[in-house]
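Dear colleague,

Here is the structure I said I would pass on. My notes on it follow below.

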Amino acid sequence: MRRKRRPFWLLVINLLSLATLIYIIFSFSPNSKFPISNYQLPITIIFFILLSLFIFSFIAYLLKNARRGLFFAIFVTIYLLLRLFNLTHVFFLILLIALF
């Protein structure tokens, strides 16, 4: 039997997104805005995108399955967004687990 090789590009994306995520955490406050052209994008949006990308590539590289990595990244991101909006009741976590 042939063993399925781990994709090298997932490791590269993992390391780049982790480095950028660490840079954003240490360099910017949560209330700061990132200027793009004439629009001010909140840094929290960039944080959640990079966090999702990091979790996706990490889990997909470990488990050799992109679908599981995607589901896990969406689950963690939605859970953190619920916490951000102060929806911390256990019922929301149960609904999220039932959804996935």
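The model is predicted, so local features need pLDDT of at least 70 and side-chain atom pairs pLDDT 80 or more, while totals for chains, interfaces and linings use all residues. Residues are numbered from 1 along each chain as its sequence is written, and side-chain values use heavy atoms, without hydrogens and water.

S32 sits in the loop between α1 (8–27) and β1 (33–36); helices (H or I, at least four residues) and strands (E, at least two) are DSSP runs numbered from the N terminus. S32 counts as buried because its relative accessibility is 18%, where buried means under 20% relative accessible area (1.4 Å probe, protein chains only). Leaving aside residues up to four places away in sequence, S32 touches P42 and I43, contact meaning heavy atoms within 4.5 Å.

I43 is also among the buried residues of α2, which include F48, L51 and I55. Their cover includes α1, β1, β2 (39–42) and α3.

Helix α2 (residues 43–63) packs on helix α3 (residues 66–84) at about 145°, with axes 7 Å apart; axes are lines fitted to C-alpha atoms over the stretch in contact, and angles run from 0 to 180 degrees between N-to-C directions. F48, L51 and I55 of α2 are among the residues making this contact, as are F72 and V76 of α3.

After α2 comes K64, with a positive phi near 60°.

Regards

Methods. Buried < 20%, exposed > 50% of the residue type's maximum accessible area, 1.4 Å probe, protein only.
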